[in-house]
Amino acid sequence: MMKKRNIFLTAILVITISISSFAQGGGIWNFNWDIGFPIGSTSDFISKPSLRGFAIEGRGYVTDRLLVGGRGAWNTFYEDKGWVTEHYENATIHGYLKSYMNVVPLMITAHYELGYGSVLPYFGFGVGTYFIEARNSMSIYYVEDKAWHFGVYPEVGVVVPFGSGNTGLNINAKYNYSAKTKDTDAQSWISLGVGLSYIF
């Protein structure tokens, strides 16, 4: 119950900051396809890159170059590890091992644009929570962990407007880090995002 309440409060905070910042005079909506590359302990669990990711982000100008807002996303990592033999204290299990990891970030963001004109490079930072569901499945057996993690990410990117219109191409890279909880490990991965920006 406490976890659900904390997530609800985080979502409300993200929305409130986004709306209040947009009221200052314009902003940017980003709709991105995210590609994930596991690193660290995450790559020990699942080593294969993931093409299954999507993100929506809203940013509002608080100064001419500083934007604040919020980001929600979904990423799925998967790896079929083939036929394996797992040894446990009282048993040995043979079977096809499949590993999954679903990630849902809810983040508060701040970004700073480095220039004006036809190209808008920027760097930014996100802080919030990652819901992570990790599962190892073998035949009818599986081991699953679910937890909300405190997390952060630094980001660099660029928005390239299409002509004189309000839309553009958005390309970015993030280092995602979710902290260890009492019962689950820390996770980390690099994500590359490509998508559309709407500037208003």
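Q: What should I know about the model before we start?
A: The model is predicted, so local features need pLDDT of at least 70 and side-chain atom pairs count only at pLDDT 80 or more, while totals for chains, interfaces and linings use all residues. Residues are numbered from 1 along each chain as its sequence is written, and side-chain values use heavy atoms, with hydrogens and water left out.

Q: How many helices and strands does the protein chain have?
A: The protein chain has 2 helices and 8 strands; helices (H or I, at least four residues) and strands (E, at least two) are DSSP runs, numbered from the N terminus. Along the sequence the pattern reads α-β-α-β-β-β-β-β-β-β.

Q: What share of the chain counts as buried?
A: Of its 200 residues, 40% count as buried. Buried means under 20% relative accessible area, exposed over 50%, and partly exposed in between, with a 1.4 Å probe and protein chains only.

Q: And what share of the contacts comes from residues 24 or more positions apart?
A: Such residues account for 61% of the contacts with a separation of 6 or more. Contact means heavy atoms within 4.5 Å.

Q: Aromatics next. How many aromatic pairs are there?
A: The structure holds 6 aromatic pairs. Rings of Phe, Tyr and Trp (its six-membered ring) pair if their centres lie within 6.5 Å; planes under 30 degrees apart count as stacked, over 60 as edge-to-face and the rest as tilted.

Q: Why is the pair of F77 and W189 edge-to-face?
A: The ring centres of F77 and W189 are 5.9 Å apart and their planes stand at 70°, so the pair is edge-to-face. F77 belongs to strand β3 (residues 66-87) and W189 to strand β8 (residues 187-199), so the pair ties together parts that are 112 residues apart in sequence. Both F77 and W189 are buried. Together with Y130, F77 and W189 form one aromatic cluster.

Q: What about Y198 and F200, stacked or edge-to-face?
A: The pair is stacked, because the ring centres of Y198 and F200 are 6.2 Å apart with planes at 20°. Y198 is partly exposed at 38% relative accessibility, and F200 is partly exposed at 37%.

Q: Which charged end sits over the ring of Y122?
A: That of R59, 4.4 Å from the ring centre. A charge sits over a ring if NZ of Lys or CZ of Arg is within 6 Å of the ring centre and within 35 degrees of the ring normal. K174 lies over the face of Y153, at 5.6 Å from the ring centre.

Q: Switching to L66: where is it found, and what is it in contact with?
A: L66 is found in strand β3 and is partly exposed, with a relative accessible area of 32%. Leaving aside neighbours within four places in sequence, L66 is in contact with G60, Y61, H111 and Y112. L66 and G124 are 58 residues apart in sequence and 9.5 Å apart in space, C-alpha to C-alpha.

Q: And T42, buried or exposed?
A: T42 is buried, with a relative accessible area of 1%, and is found in helix α2. Beyond neighbours within four places in sequence, T42 is in contact with M101, Q187 and S188.
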